[in-house]
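Please work through the exercises below with the sequence and coordinates at hand. Each task is followed by a stepwise solution.

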Amino acid sequence: MRRYAGEELVDRILLTQEQIDRRIAELGRAIAEEHGGRDLRLVTVLRGGVFFLADLCRAVDAPLSIDFLAISSYAGSSEGTVRITKDLDDSIEGASVIVVEDIIDTGLTLNYVLSVLRQREPAVLEVCALLDKDARRIVDLPIAYKGFSVPDRFLVGYGLDIEGRLRNLPYIATVHDDRVA
Ligand code: 5GP
């Protein structure tokens with residue numbers, strides 16, 4: 001089996017590259033069926049979401065555009081208080097917007113992003129999340145398109161990092177317990 005740099009941190013592979021690819025093809029087909037013909041925008045939050053977005057947009061056989069925003073937590077503030085450090089480039093007024101997220105944990109980040117985007121009056125505002133750590137949810141969020149439910153473990157790979165690394169693993173894995181802060 002091929003070895004990847006940094007793999008010594010990995011405990012167990014939870015989702016293989018093939019499982020991820022197959023699920024993304026299904027999500028892409030569902031999005032194209034429901035939103036094809038509309039002004040479809042796939043929007044993601046930097047940085048982790050770009051891996052999923054890049055694969056998902058190629059699985060959607062319909063005209064669409066992509067856009068990015070970046071956020072950061074206010075230092076010393078309570079969880080969920082975030083600010084936009086890079087805004088979308090395009091207006092989303094009247095558009096069908098799908099926010100593409102790598103993982104939803106407590107839901108606080110996405111809840112903030114959705115509240116900001118809602119004020120810009122898109123015609124549709126939905127969520128497509130590859131991974132849902134539903135046991136940890138604090139805010140209830142409607143997820144129109146969901147890849148997989150995952151257990152409450154710290155995950156790496158396919159965009160998810162540990163201290164900035166391992167985003168480039170092609171699979172999603174847990175890390176050894178002693179590596180998680
Ligand atoms: P939430 O606001 O839903 O609690 O947090 C969502 C963000 O936390 C994700 O976009 C991701 O950046 C980070 N996150 C949540 N769970 C994990 C995980 O298991 N691994 C990694 N690397 N990041 C995670």
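The model is predicted, so local features need pLDDT of at least 70 and side-chain atom pairs count only at pLDDT 80 or more, while totals for chains, interfaces and linings use all residues. Residues are numbered from 1 along each chain as its sequence is written, and side-chain values use heavy atoms, with hydrogens and water left out.

**Exercise 1. The ligand site**

Task: Determine which residues come nearest to the ligand and how the shell around the ligand divides by class.

Solution. 
- Step 1. Of the 15 residues around the ligand, the nearest are Thr106, Gly107, Thr109, Leu155 and Asp161.
- Step 2. By class, the shell has six nonpolar, three polar and six charged residues. Here Ala, Val, Leu, Ile, Met, Phe, Trp, Tyr, Cys and Pro count as nonpolar, Asp, Glu, Lys and Arg as charged, and the others, Gly among them, as polar.
- Step 3. Strand 5 (96-104) and helix 3 each supply at least two shell residues, and the largest share, four residues, comes from strand 5. Helices (H or I, at least four residues) and strands (E, at least two) are DSSP runs, numbered from the N terminus.
- Step 4. A backbone N or O atom of Leu155 lies 2.7 Å from a ligand nitrogen atom, and a backbone N or O atom of Asp161 lies 2.8 Å from a nitrogen atom of the ligand. For Lys133, a polar side-chain atom lies 2.8 Å from a ligand oxygen atom.
- Step 5. The protein covers 79% of the 510 Å² of accessible area (Shrake-Rupley method, 1.4 Å probe) that the ligand has on its own.

**Exercise 2. The aromatic pair**

Task: Find how many aromatic pairs the whole structure holds, and classify the geometry of Tyr4 and Tyr171.

Solution. 
- Step 1. Rings of Phe, Tyr and Trp (its six-membered ring) pair if their centres lie within 6.5 Å; planes under 30 degrees apart count as stacked, over 60 as edge-to-face and the rest as tilted. The search of the whole structure finds one pair.
- Step 2. The ring centres of Tyr4 and Tyr171 are 6.0 Å apart and the planes stand at 80 degrees, so the pair is edge-to-face.
- Step 3. The pair links distant parts of the chain, 167 residues apart: Tyr4 lies in the segment before strand 1 (10-15), and Tyr171 in the loop between strand 8 (155-156) and strand 9 (172-175).

**Exercise 3. A loop residue**

Task: Locate Gln119 and decide whether Gln119 is buried or exposed.

Solution. 
- Step 1. Gln119 is found in the loop between helix 3 (108-118) and strand 6 (124-132).
- Step 2. Gln119 has 65% relative accessibility and therefore counts as exposed (over 50%; buried is under 20%, partly exposed in between; 1.4 Å probe, protein chains only).

Terms used. Near = heavy atom within 4 Å. Polar contact = N/O pair within 3.5 Å; in protein donor to acceptor, adjacent residues only side chain to side chain.
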